[in-house]
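Here is a short report on a metal site and a sheet. Please look over the sequence and the model before reading on.

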Amino acid sequence: LSTKISPTPIVDVHTHVYLPRYAAELRARSSAPRILTRTDAEGRSEERLLILDGEPGSGRPVGPQYWDRTEKLEFMKRHQINVSFVSSANPWLDFLPPDRAQTLAHALNNDLEEYCASSPEVDGFPNLRSIYGFGLLPLVPEGPISSVIHTIEQIQTLPHLSGVIMGTKGIGNGLDNEALEPVWKAIEKAGLVVFIHPHYGVDGKAFGDKPNGHVLPLALGFPFETTIAITRLILAGVLDRYPDLRLLLAHSGGALPQLSSRIASCVAHDPVVAKRLKHDARYYLGKLYFDAVAYGSEELGFVSETIGRAETYSSAGGSYNADFGSTRMLFGTDHPFFPPLEKSQTWRSVEDNLSAIRSVRSWSESAQAAVLGLNALKLFNLKY
Ligand code: URA
Ligand code: ZN
């Protein structure tokens with residue numbers, strides 16, 4: 001007698017693409033962000049991607065893994081990922097003038113819909129496609145809010161786009177700008193998930209002048225940027241006004257979980273802010289979703305606990321829920337970034353995140369399955 005064990009899907013919510021149309025835009029530029037061609041001493045030419053401010057050297061090598069869907073599917077297969085929610089990589093449209101941003105947002109959203117819609121069905125999960133996507137909004141300095149709303153409406157009509165990816169600048173000065181109110185409102189109403197992802201880091205001067213490659217901006221600058229952006233958004237009351245807004249934070253929310261009690265204490269002791277929010281600042285962690293791109297099981301366990309205690313900080317009162325944290329955390333890879341330095345079958349960056357999820361001490365097997373895939377299907381309303 002054999003018992004059929006029904007497998008649970010593995011879903012990657014943090015995986016990027018530079019669509020061919022976007023790569024072409026970057027190739028046509030002469031200043032960062034750009035893709036440039038470099039010829040080495042032996043006369044071999046290679047393309048390099050230069051996107052971060054003050055990036056060391058001439059960026060990093062870039063190739064088909066950044067734009068070719070076959071490579072994405074091959075990567076998924078190699079790591080037994082069944083479904084990917086693909087998003088455009090940074091810096092999105094941030095650097096473009098409003099007209100160009102609007103035109104490109106529309107064209108890229110249509111491109112991504114096609115990229116997803118024509119992706120293969122998933123072996124063993126006939127109701128699922130292997131790729132879904134996060135669309136882009138024309139959020140640029142001086143950009144008209146009407147064109148952002150228009151693009152939200154466009155994305156709603158594209159069946160394989162289930163959310164939007166957003167940087168931390170909004171229309172130039174951050175996610176706490178009142179001008180974004182109609183945007184949050186429209187996104188909440190449309191039921192789209194907002195994936196909030198860093199690009200700018202913090203002031204590069206803080207990192208000194210030693211040759212540390214990309215370590216400081218990626219390991220520290222990125223998560224600090226997210227921490228600051230979300231703290232500002234919470235302080236602006238956005239989560240009080242839009243309680244059904246679903247925000248997914250990159251890199252497990254950066255330092256937000258670690259600093260949340262300090263933030264709450266600073267709020268409680270500040271005469272300007274103390275009475276502003278409906279709840280203790282820690283409550284809002286339970287309104288957010290966190291990717292599980294933290295590379296370590298203790299860190300994931302810690303994030304899970306800070307989410308699990310969020311309800312205890314509700315002004316209405318609530319209790320600690322040990323399982324709640326694992327319902328709001330979702331596996332991700334950050335592909336095609338962090339490839340192995342030496343050729344290998346599987347990527348260390350992916351294996352580390354998978355094994356971290358599988359060894360969080362407080363997570364049962366069903367909590368692991370939730371983080372590995374079931375939470376994502378629920379968040380994006382997919383049946384399997
Ligand atoms: N580096 C980037 O520029 N973006 C990512 O998403 C990851 C690494
Ligand atoms: Zn990323």
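## Burial at the metal site

A residue counts as buried when its relative accessible area is under 20%. The model is predicted. His197 has a relative accessible area of 1%, so His197 is buried. His16 is at 1% relative accessibility, so His16 counts as buried too.

## The zinc ion

Which protein residues are the donors of the zinc ion (ligand 2)? They are His14, His16, His197 and Asp334. Each histidine donates through NE2, and Asp334 through OD. These donors lie 2.1 Å from the zinc ion.

The spacing of the donor residues in sequence is H-x1-H-x180-H-x136-D. His16 sits in strand E1 (residues 11-17), while His197 sits in the loop between strand E10 (193-196) and helix H6 (215-235), so this pair ties together parts that are 181 residues apart in sequence.

## A three-stranded sheet

Strands E2, E3 and E4 form an open sheet. Their order is E2-E3-E4, with antiparallel pairing. Strand E2 (34-39) and strand E4 (60-61) are at the edges. Each has a single partner strand, so one side of each lacks a neighbour in the sheet.

Six bridges join E2 to strand E3 (residues 45-50), in the antiparallel sense. Leu36 has Arg48 in E3 as its bridge partner.

## The helix across the sheet

Helix H1 (residues 20-27) lies across E2 and E3. Helix H1 runs at about 65° to E2.

Key
Residues are numbered from 1 along each chain as its sequence is written. Chains are lettered from A and ligands numbered from 1 in the order in which they are written. This is a predicted model: local features need pLDDT of at least 70, side-chain atom pairs count only at pLDDT 80 or more; totals for chains, interfaces and linings use all residues. Side-chain values use heavy atoms; hydrogens and water are left out. Donors are N, O and S atoms within 2.8 Å of the metal (3.2 Å for Na, K and Ca); water is not among the atoms, so sites may look incomplete. Helices (H or I, at least four residues) and strands (E, at least two) are DSSP runs, numbered from the N terminus. Buried means under 20% relative accessible area, exposed over 50%, partly exposed in between (1.4 Å probe, protein chains only). Two strands pair if DSSP finds at least two bridges between them. Contact means heavy atoms within 4.5 Å. Axes are lines fitted to C-alpha atoms, for helices over the stretch in contact, and angles run from 0 to 180 degrees between N-to-C directions.
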